Amino acid sequence: MNEPNAADEVAAVFEELRPRLVGVAYSILGTLSEAEDAVQEAWIRLHGSEVAAIEDLTGWLVTTTSRIALDGLRSARARREAYVGPWLPEPVETAPDPADSVSLADSLSWALMVVLETLSPAERAAFVLHDVFGLSFTEVGAALGRSPAACRKLASRARAHVEQRKPRFDVDPQAHQEIVGAFAEAVRTGDMAGLTRLLDPEAVLTTDGGGVVRAVLEPLRGADDIARFFARGARFAPDREFRVTRVNGGAALLMIDDGRLSAVVALTISEGRVTRIDAVRNPHKFHGLHPLGEAGK
């Protein structure tokens, strides 16, 4: 094989793997823009390597991307400690086009992404690579620079933590969609009674504005306080629109003010009631969303 054809073959493999690589990096980092940067860095490192000596190009790319993402997460932790208000993952819209730039594993829901933020970087990487993307512990060890046994323990601790924190009941997608739609209408009209019926008594609202836009700096707890918060917002923004979409594989809302996206609202639902509301308002985290003109197609 001559050199140009070999280079073309490597580039073709990389492009085919790119969605999965971005998905791996995103699941570790929680931000799509940083995930894309990690994949681009892996490509640069590949060019600086002796490609002919790489026996498993797919494994090399996954391992290298994972290492870069893990290093990025460790350095990002310090930045997030100085973040204004709560830090939420960057939402990725998985509608209307299933051929997204990110290959999200079916199990990588919004609720799971939020729980992953509570893990240590090493635990998060071990869990994601093994439990979500199916790598062996030998492969995980190569990515994390640890023994397979150590990675097994990391993943086990992470799995126990995830099981403890994730919602206990799965929701039928159609039922989820209907609850999200009803919630949107109640918020739009400021229907206090309707909101209270939809919310779990112990519901939690978290808003992420990052100091860029106004947001509640501490989580708001309890159905009454949350319903009052949204009803007050309806009075101040009577022309606000809501569009139902899918974020990280689940139904969510796009909140639109004056024709511009102002928030992405993800709802966690258990036993027919909303238990958690995550409103991402920081516009720097809208990177993974389709243009508004495409919403709902």
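**View 1. Surroundings of Phe127 in the predicted model.** Leaving aside residues up to four places away in sequence, Phe127 touches Leu112, Leu116, Val132, Ala155, Ala158, Arg159 and Val162. Contact means heavy atoms within 4.5 Å. This is a predicted model, in which local features need pLDDT of at least 70 and side-chain atom pairs count only at pLDDT 80 or more, while totals for chains, interfaces and linings use all residues. Residues are numbered from 1 along each chain as its sequence is written, and side-chain values use heavy atoms, with hydrogens and water left out.

**View 2. The largest nonpolar core.** This core has 50 residues, and those with the most contacts inside it are Leu116, Phe127 and Leu144. A nonpolar core is a set of buried Ala, Val, Leu, Ile, Met, Phe, Trp, Tyr and Cys residues joined through side-chain atoms within 4.5 Å. Buried means under 20% relative accessible area, exposed over 50%, and partly exposed in between, with a 1.4 Å probe and protein chains only. Elements giving two or more residues to this core include α1 (3–29), α3 (57–81) and α7 (148–165). Helix α1 supplies the largest share, ten residues. Helices (H or I, at least four residues) and strands (E, at least two) are DSSP runs, numbered from the N terminus.

View 3. In soluble globular proteins, nonpolar side chains tend to be buried together.

**View 4. Ala263 in strand β5.** The strand covers residues 260–270 and contains Ala263. Because its relative accessibility is 0%, Ala263 counts as buried. Not counting residues up to four places away in sequence, Ala263 touches Leu253, Leu254, Met255, Val280, Arg281 and Phe286. Leu135 is 128 residues from Ala263 along the chain, and their C-alpha atoms are separated by 35 Å.

**View 5. The whole protein, for orientation.** There are ten helices and six strands in the protein. The radius of gyration is 21 Å, close to the 19 Å that the globule rule gives for 297 residues, so the protein is as compact as a globular protein of that length. This radius is taken over C-alpha atoms, and the rule is 2.2 Å times the number of residues to the power 0.38. Along the principal axes, the C-alpha atoms fill a box of roughly 70 × 40 × 35 Å. Of the 297 residues, 48% count as buried.
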